[in-house]
Amino acid sequence: MERAQCIAMLYPELEDKLVVTIMGASAQELYDLGHRENFFYLQHAMGLASSIGLGLALHLPEEQVIVLDGDGSVLMNLGGLATLARYRPKNLLHIIFDNGSLLSTGGFDSHTTAGITDLAAIARGAGIEHVAAVDSPMDFGEAAVEALERDDLSVIVAKVKAVGPDNYGMDLALPENAFRFKRCVQERKAAR
Ligand SMILES: Cc1ncc(C[n+]2csc(CCOP(=O)(O)OP(=O)(O)O)c2C)c(N)n1
């Protein structure tokens, strides 16, 4: 299974949600499907996409927040899973694309490559009740639908191939994306 395939399956569902991605391949694959003002690509701050998602979810309970993360990034902020479990926002779905690689910076193996580290087990051990580990598009789709309907914190660990986009490049620098995303959040809040 490829991450781009999963993101494409998810894309129609993302129109009315707030979406935070890590930098690099995940961000590019989402951007390539068509940028929307409710997408925030967290450049540089590896590991903190779930923390940004948690803050958004806690402060905007009427929004549904989706975080698109990577194994390498999650490994840099394992405590983030425990913090998610503790605050348990009902409106947060944390999707971890586990490609066993730090793909966006050259494809170095991560701790999950040889099956040493099990991120789904860590998420469960952190206290997150709804954790799905999937490795096929059908299972990913089912897990995503269940999570979006659940009304509780959910984590999906999706095993994917270590492949990314052919080309990188976004016509949207981090500050511009951040300002526009914030404005989008404010406008959605005002419209409710
Ligand atoms: C604190 C920090 N360290 C290192 C980097 C450089 N860096 C950017 S993306 C990346 C790899 C991310 O790996 P992963 O989360 O598994 O996602 P993938 O690239 O495999 O999609 C690294 C090491 C960074 N941006 N921030």
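Here are a few questions and answers on this predicted model. Residues are numbered from 1 along each chain as its sequence is written. Local features need pLDDT of at least 70 and side-chain atom pairs count only at pLDDT 80 or more, while totals for chains, interfaces and linings use all residues.

Q: Which element gives the most to the shell around the ligand?
A: The shell has 18 residues, with Gly70 and Ser73 among the closest; a residue belongs if its C-beta atom, placed from the backbone, lies within 6 Å of the ligand. The elements giving two or more residues are α2 (25–33), α4 (71–75) and β5 (101–102); helices are DSSP runs of H or I, at least four residues, and strands of E, at least two, numbered from the N terminus. With three residues, the top contributor is α4.

Q: Are α5 and α6 parallel or oblique?
A: The axes of α5 (residues 79–87) and α6 (residues 119–126) come within 8 Å and cross at roughly 40 degrees. Axes are lines fitted to C-alpha atoms over the stretch in contact, with angles from 0 to 180 degrees between N-to-C directions. Under 35 degrees counts as roughly parallel, over 145 as roughly antiparallel, 65 to 115 as roughly perpendicular and the rest as oblique. Therefore α5 and α6 are oblique.

Q: Is Asp16 buried or exposed?
A: Asp16 sits in the loop between α1 (3–10) and β1 (18–21). A residue is buried with 20 or more other C-beta atoms (placed from the backbone) within 10 Å of its own, exposed with 12 or fewer, and partly exposed in between. Because Asp16 has 10, Asp16 is exposed.
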